[in-house]
Amino acid sequence: MRRSNAQPIGEVLRDIFEDNTEIFEKIMEVRIQRAWKKLLGPMAMQYTRNMYVRDRVLYVYMTSAVLRSELLLCKDKLIENLNAEVGSVFLFDLVIR
């Protein structure tokens, strides 16, 4: 017997996470951090000391001044690419220190 209100498990989980904003934001933070690693690659990750998201702003601490200045030059493009990678407009700003 088939149920008439059946939904795929993905839709059910998406509804749960989108309704609960705390869980949704934590998931997006992890996705942003993974996207940073994917976009910049392992060489830039060697110089990334700390990274966290607070109030939809990504804070990244770099040990290389040269890499920091290069990333600051393309900050808007990085934000755009990170948001595209996670599939929604989550980040508003990027702070590289």
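Guide: Of the 18 residues in the largest nonpolar core, those that touch the most other members are Ile-32, Trp-36, Leu-58, Val-60, Leu-82, Leu-91 and Leu-94. The elements that give two or more residues to this core are H2, strand S1 (48-54), strand S2 (57-62), helix H4 (75-86) and strand S3 (93-96). This is a predicted model, in which local features need pLDDT of at least 70 and side-chain atom pairs count only at pLDDT 80 or more, while totals for chains, interfaces and linings use all residues. Residues are numbered from 1 along each chain as its sequence is written, and side-chain values use heavy atoms, with hydrogens and water left out.

Visitor: What makes a set of residues a nonpolar core?

Guide: The term is kept for buried Ala, Val, Leu, Ile, Met, Phe, Trp, Tyr and Cys residues that are joined through side-chain atoms within 4.5 Å. Helices (H or I, at least four residues) and strands (E, at least two) are DSSP runs, numbered from the N terminus.

Visitor: Which residues is Val-60 in contact with, leaving aside its neighbours within four places in sequence?

Guide: Contact means heavy atoms within 4.5 Å, and Val-60 is in contact with Trp-36, Thr-48, Asn-50, Met-51, Leu-94, Val-95, Ile-96 and Arg-97 when those neighbours are set aside.

Visitor: Why is Glu-29 called buried?

Guide: Buried means under 20% relative accessible area, exposed means over 50%, and partly exposed is in between (1.4 Å probe, protein chains only). Glu-29 has a relative accessible area of 17%, so this residue counts as buried. Its place is in helix H2 (residues 21-46), and Glu-29 touches Val-53 and Phe-90, not counting residues up to four places away in sequence. Gly-41 also lies in helix H2 and, with a relative accessible area of 13%, is therefore buried.

Visitor: Why is the pair of Tyr-52 and Tyr-61 called stacked?

Guide: A pair of aromatic rings is described by the distance of the centres and the angle of the planes. Rings of Phe, Tyr and Trp (its six-membered ring) pair if their centres lie within 6.5 Å, and planes under 30 degrees apart count as stacked, over 60 as edge-to-face and the rest as tilted. The structure holds 2 aromatic pairs. In one of them, Tyr-52 and Tyr-59 are 5.1 Å apart centre to centre with 20° between the planes, and this pair is stacked. The rings of Tyr-52 and Tyr-61 have their centres 6.3 Å apart and their planes at 25°, so this pair is stacked as well.

Visitor: How do you know whether Tyr-52 is buried or partly exposed?

Guide: Tyr-52 has a relative accessibility of 22%, so this residue counts as partly exposed. Tyr-59 is buried, with a relative accessible area of 18%, and Tyr-61 is buried with a relative accessible area of 18%.
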